[in-house]
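Some terms in a structure description hide cut-offs.

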Amino acid sequence: MRKLTTHVLDTSRGIPAAGMTIELWHTGRLISTQTTNSDGRTSPLLEGETMVPGVYELVFFVGEYFGEGGSFLGHVPVRFGIEEGDRSYHVPLLCSPWAYSTYRGS
């Protein structure tokens with residue numbers, strides 16, 4: 001089944017980022033809000049027929065995770081497109097209080 005998933009790794013500590021809030025937006029509308037589990041993962045954000053083509057944005061609450069006073073970053077938005085087809089999308093975030101990176105995973 002086609003789905004959208006994410007996970008977050010805390011690269012400053014070398015551990016999964018448990019307890020980070022993540023929002024999923026589509027066409028200016030909040031679709032869902034989830035919190036990462038002890039493995040830094042959420043439930044699938046979209047599955048099957050809910051995955052319509054378009055531009056989506058994941059907003060990772062990095063500043064809150066690290067503590068606003070201890071993080072250069074606040075909210076980290078990652079905007080990406082979903083196309084027609086049967087492919088799944090995995091959008092992970094690797095972060096520290098000072099930097100982040102992402103990629104399209106499998």
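Q: What makes R79 a strand residue?
A: R79 is found in strand β8, residues 75–82. Strands are DSSP runs of E with at least two residues, numbered from the N terminus. This is a predicted model: local features need pLDDT of at least 70, side-chain atom pairs count only at pLDDT 80 or more, and totals for chains, interfaces and linings use all residues. Residues are numbered from 1 along each chain as its sequence is written, and side-chain values use heavy atoms, with hydrogens and water left out.

Q: Why is R79 called exposed?
A: Its relative accessible area is 62%. Exposed means over 50%, with a 1.4 Å probe and protein chains only. Therefore R79 counts as exposed.

Q: What does R79 touch, not counting residues up to four places away in sequence?
A: V55, Y56 and E57. Contact means heavy atoms within 4.5 Å.

Q: How do you know that the side chains of R79 and E57 make a polar contact?
A: The computed distance is 2.9 Å. The definition asks for a pair of N or O atoms within 3.5 Å, one able to donate a hydrogen and the other to accept it. So the pair qualifies.

Q: What makes β4 and β7 partners?
A: Five bridges join β4 (residues 21–26) to β7 (residues 54–61). Pairing takes at least two DSSP bridges, so these strands pair. They run antiparallel. W25 stands opposite E57 in β7.

Q: Why do β5 and β8 stand at the edges?
A: The open sheet has the order β5-β4-β7-β8, with antiparallel pairing. β5 (29–35) and β8 each have a single partner strand, so one side of each lacks a neighbour in the sheet.

Conventions: Helix = DSSP H or I, 4+ residues; strand = E, 2+ residues; numbered from the N terminus. Buried < 20%, exposed > 50% of the residue type's maximum accessible area, 1.4 Å probe, protein only.
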